Amino acid sequence: MPITEVSPGVSIAYETFGDRSDPAVLLVMGFSAQMIAWHEDFCRALAERGRYVIRYDNRDCGLSTKFDDHPVDMGRLISTVSSGDIGAAAAMVPYTLQDMADDGLGLLTALGIERAHVVGSSMGGMIAQTMAISRPARVLTLTSMMSSTGEPDYGHSSAEARAVLSSPKPSDREGYIAAAEREMVWASKKYGRPALLRELAARSYDRAYYPAGAGRQMGAMVLGGSRAEALRELRLPTLVIHGLDDVLIDPSGGRRTAELVPGAKLLLLADMGHDRPRELWPEIIEALDAHTGFSRSEAP
């Protein structure tokens with residue numbers, strides 16, 4: 001697995017699929033999830049459409065740089081944010097959503113890629129939006145998937161989903177894998193499979209079990225603030241994808257994102273929750289292919 005330095009003290013693990021001469025598509029993963037949550041078969045299917053697909057581990061996750069010198073208790077962080085003491089909460093967190101966005105852009109630079117199509121899922125959608133806002137010249141197109149705008153009135157979680165998200169997972173392998181079934185609460189109602197959740201949990205545990213990063217990533221996400229005004233000013237081809245069954249970030253998050261970005265296209269998928277079930281890959285990949293498609297001669 002290649003790992004490259006993207007800024008002083010920060011190295012990012014990544015993997016690529018397809019022909020380097022094809023237009024680059026950068027896949028940005030969500031909260032506490034490793035790059036392998038972008039399934040290899042999904043990446044290969046997109047690469048077969050003539051894209052150079054790049055998936056990577058966000059900082060504090062997988063095989064990328066960890067910030068062990070800055071422990072964050074997620075429960076304390078959430079209670080501090082809930083109390084309204086944003087200054088105290090910000091002091092707990094060693095990096096921002098912008099820093100995470102800069103990691104992805106730094107990876108592109110390290111790979112010699114000036115511009116890419118950026119596709120972000122959940123927290124990855126927030127990171128992708130931040131990339132597009134801060135460095136629009138580096139982003140060919142933006143796809144924000146099952147994400148939101150940082151505004152408190154949109155993209156709510158159900159009480160049950162919040163409880164699962166904030167619950168610590170067992171530290172032993174068997175318990176960790178079994179606990180993955182809790183995530184059925186936000187999986188697609190029609191296509192969700194406990195066995196697939198357990199399989200990903202097992203692979204993730206064996207590859208890089210690291211729960212300590214979750215509090216810091218959560219802090220960067222919840223303290224990111226609203227991107228609404230910046231999204232209004234965005235002038236990039238934008239696709240928003242959201243599942244109508246999503247209870248972790250409800251569909252209002254996707255609708256609001258599409259409403260704010262001028263000319264954005266909105267794809268709402270029935271039977272999709274806060275996941276990407278294999279049964280819906282053809283529709284998702286077709287949408288990504290159309291959104292990111294142009295002739296090879298137009299590639300940067």
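Helix 1 passes helix 12 in a right-handed crossing, the near helix being turned clockwise from the far one by less than a right angle. The model is predicted, with local features requiring pLDDT of at least 70 and side-chain atom pairs pLDDT 80 or more, while totals for chains, interfaces and linings use all residues. Residues are numbered from 1 along each chain as its sequence is written, and side-chain values use heavy atoms, without hydrogens and water.

The axes of helix 1 (residues 40-47) and helix 12 (residues 281-292) come within 10 Å and cross at roughly 40°. On the helix 1 side, Asp41, Phe42, Ala45 and Leu46 are in contact (heavy atoms within 4.5 Å) with Trp281, Ile284, Ile285 and Leu288 of helix 12. By class, this contact comprises seven nonpolar residues, one charged residue and no polar ones.

Within helix 1, Glu40, Phe42, Cys43, Leu46 and Ala47 are buried (under 20% relative accessible area, 1.4 Å probe, protein chains only). They lie on the same side of helix 1, because they cover an arc of only 165° around the axis. Their cover includes strand 2 (10-17), strand 3 (24-28), strand 4 (52-56), helix 8 (194-208) and helix 12.

Lys265 is found in strand 8 (residues 265-269). With a relative accessible area of 56%, Lys265 is exposed (over 50%). Leaving aside residues up to four places away in sequence, Lys265 touches Thr238, Leu239 and Val240. The C-alpha atoms of Lys265 and Val10 are separated by 34 Å, the two residues being 255 residues apart along the chain.

How values were computed:
Axes fitted to C-alpha atoms, helices over the stretch in contact; angles between N-to-C directions. Helix = DSSP H or I, 4+ residues; strand = E, 2+ residues; numbered from the N terminus. Nonpolar A, V, L, I, M, F, W, Y, C, P; charged D, E, K, R; others polar. Arc of directions from axis to C-beta.
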